[in-house]
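Here are my notes on this one, as promised. Have the model open while you read.

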Amino acid sequence: MSANLDAQQQVRVVKAPPTTPGSLYTANRAPLLPSALCKLPISSITPRGWLENMLRLEADGMTGRLEEISPWCKFEGNAWASPTGEGDNGWEELPYWLKGYGDLGYVLKDETVIKGARKWIDGVLSSQREDGWFGPRNLLTGVDGKPDLWPNMLMLNALQSFYEATGDERVLPFMARYFRWELNYPEQDFLAGFWPNVRAGDNIESILWLYNRTGEKWLLDVAEKVHRRAADWTKGVASWHGVNITQSFREPAMHYIQAKDPKFLQAAERNYATVMGLYGQVPGGGFGADENCRPGYGDPRQGFETCSIVEFMHSFEMLTKITGDPAWADRCEEIAFNTFPASMTPDLKALHYLTAPNMISLDPGNKAPGIQNGGTMLSYSPYGVYRCCQHNVSHGWPYYAEELWLATADRGLCASLYAASEVTAKVADGTSVTIREQTEYPFEQTIRLRVSTAAPVRFPLYLRVPRWCAKAAVKVNAQAVSVTAEPLSYIVLDREWKNGDRVTLELPMEVSVRVWQKNKGAVSVDRGPLTYSLEIGEKWAKYGGTDGWPELALTPTTPWNYGLVLSPKSPASSLQVVAKAGPVAAQPFTPETTPVTIRAKAKRIPAWQADANGLISVLQQSPAQSDQPEETVTLIPMGCARLRIAAFPTVGAALEGQRWAAPPAPPLASWCNPGDSVLAMNDGIEPANSNDQGIPRFTWWDHRGTKEWVQYNYDKPRKVSGVAVYWFDDTGSGSCRVPKSWQLLYRDGEAWKPVKAKGEFGVKRDTYNRVDFEPVSATGLRIEVELQPEVSGGILEWKVFE
Ligand SMILES: [Zn+2]
């Protein structure tokens, strides 16, 4: 026994794990592209630390008890639980919830949750017709008389997890019969309707999952058919709806597994890069799509839907396994740590629709047109006001926990997403080993692994090196390992492992500053995988709901309009990290419990204010000018900050820099319908027609047949010589029409005077009505209208010309 075990140790650095066949776990089966990384059975991984607590909060919070509060999850009379598929609430909500709820039970090994999910799964499994269709029968004619396949895609995910956790023998034949139905369904009507068509990549994932378990070749024909009929994401972004992007940008990558042509993978990567390049020039890992991405709306105040957060995480998890590219796991961590926690209250009993890098008031008031949708979007609620997210949020943390560890094709294990956990898995010739991972990551840079094995066994252990880490260091049994690993690679420790072997991985977290050139030169402060936000005092107030399930508004108690004062030569040197002593709290994602803060120098920018709706106004150019005193402010991780400034302006030394303008005074009106907004008139959003229901509008509703006015105010005289008005008219669906007549007045001193028009005051629909007039110097402009008898009216856009 003179062999030196250390000498046998091989250490290497790779860009991705090998894609050779031979995995000990269910991997892609020929002729599919071999898997780079494979999911382990759900019960293999036991999350610990804050992640385990997050799952426990989820079980005790909204997701675990959603049947108490969501009418869509009432078992009695539910179409999803009925053997005949007859009943109520047969659309996406129940499967959205069940797909995460079941996994929550499986990862926590929580028998109550597992049993609760089982009741629904049994109902679904009993609902299949002879021809293979299952679930609500109303879906068979859900889109213009054709089948709506979208909700079934979600239910397939719930069934896959159920099978992975239980091995229930009903599942595989059930799925096969459904895919046979898909194969037989007439091609021209297959995947009809907007949502099924644009999101069909999810359907492909389930078909290939089944193929990998049964090897029935005809399933590949179904997968091919789905790709053929799906919206085309290979030539670019096929829909600019936020959730469509987050789950469908990867559709070509799903097809790549079958087609094996790299152009498909490249298409998915290009979709991601396109969207992030245009709307993701902000911290937090998401992008601005406060329903849809909209040209001109890339400021860090634009929100990212909670559905988008969890779907992006899920997509990144899939792409990690398909490609082995560590960049995808990195992106998953970025959004999981920085954006996801702020989407919910700390007790996980309520959520909001939109999370943005810069948010200063989470009240229930209307924030359109600064964000796309009117009505309540930002305050926290456990109810159906955020119906899709309320159900879909369920899978975020459970899926994340299932992906911490992955199997490699060379019969090793990969630490893909770092969190305290335990994994028990087969390696090498099938020997079972357990690895205990101890860390407070992402709040700590050290990851400690301890191997337990009945007998020595050789296998490769892959350790992901994150994008932000230039000096990863490894010790095995306290001995430093000589290795230099680039960011976005894996360190592979390929050696004979003995019981009790220890690995220490250091991922040094340096403070750095990112500059967002496309967002006016704003900056974000990063340390490791965390981005930091201004700490803002929080005032929580209940505005609705019950004592057990309150709806909560969150407003600031301290100033937020700071720019950072950074050393020009070395921005990060101005920032001082302060780690709190003691153990990390069970719920570390709050301002009070954050384990780490950063001290920074800052000055207030008085012109940076909220708009008339209480929405933070957009960034202006950095560096900004400020005559305010320098202060020391505290930054906390974005994930801890529900009120947040994470894309900061910088402030120049002395009085250098751009002088910021205060937001323009909001237009005034004789009356504005509470559901509409005066801000719509000059939001710059071009109407498609006079009955464009997809954009913000101003109306005088429900004033009918009256004389009314709207007005722009200027703080100093402005030369104007023309206006153009796009009237709102919802003939066919409502009671707003173009006005009977109108005229334009300008303010000269205190007096309102009519302009000398060179043409008619037009009332044409579906176009701008432009009027030029003799130039005037005005401190205000006013449109006076006479509405048509018995109807109201409104304006989609009002432009003013010099
Ligand atoms: Zn949603």
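1. Start with Arg 448, which stands opposite Thr 504 in E16. Strand E11 (residues 446-453) and E16 are antiparallel and share five bridges; strands here are DSSP runs of at least two residues, helices (H or I) runs of at least four, both numbered from the N terminus, and two strands pair if DSSP finds at least two bridges between them. Thr 504 is also the bridge partner of Lys 475, and strand E13 (residues 473-476) runs antiparallel to E16 with four bridges.

2. A caveat: this is a predicted model, where local features need pLDDT of at least 70 and side-chain atom pairs count only at pLDDT 80 or more, while totals for chains, interfaces and linings use all residues. Residues are numbered from 1 along each chain as its sequence is written, and side-chain values use heavy atoms, with hydrogens and water left out.

3. Buried is under 20% relative accessible area, exposed over 50%, partly exposed in between (1.4 Å probe, protein chains only).

4. Zooming out, the open sheet has seven strands, ordered E3-E9-E10-E11-E16-E13-E14, with antiparallel pairing. Strands E3 (45-47) and E14 (479-481) are at the edges with a single partner strand each, so one side of each has no neighbour in the sheet. Between E9 (residues 421-427) and E10 (residues 431-438) there are seven bridges; one pairs Glu 422 with Arg 436.

5. Leu 463 is worth a click. Beyond its neighbours within four places in sequence, its contacts (heavy atoms within 4.5 Å) include Val 503 and Leu 505, along with Tyr 418, Leu 449 and Val 474. Trp 405, Leu 461 and Leu 463 have the most contacts inside the largest nonpolar core, which has 209 residues. Such a core is a set of buried Ala, Val, Leu, Ile, Met, Phe, Trp, Tyr and Cys residues joined through side-chain atoms within 4.5 Å.

6. Then the zinc ion: Glu 305 (OE), Cys 307 (SG), Cys 388 (SG) and Cys 389 (SG) coordinate it at 2.0 to 2.3 Å. Donors are N, O and S atoms within 2.8 Å of the metal (3.2 Å for Na, K and Ca), and sites may look incomplete as water is not among the atoms. The donor angles are 95 to 119 degrees, which makes the arrangement tetrahedral (four donors, all angles between 85 and 135 degrees). Cys 307 and Cys 389 are both buried.

How values were computed
Four donors count as tetrahedral if all angles lie between 85 and 135 degrees; four count as square planar and six as octahedral if opposite donors are over 155 degrees apart and all others between 65 and 115; anything else is irregular.
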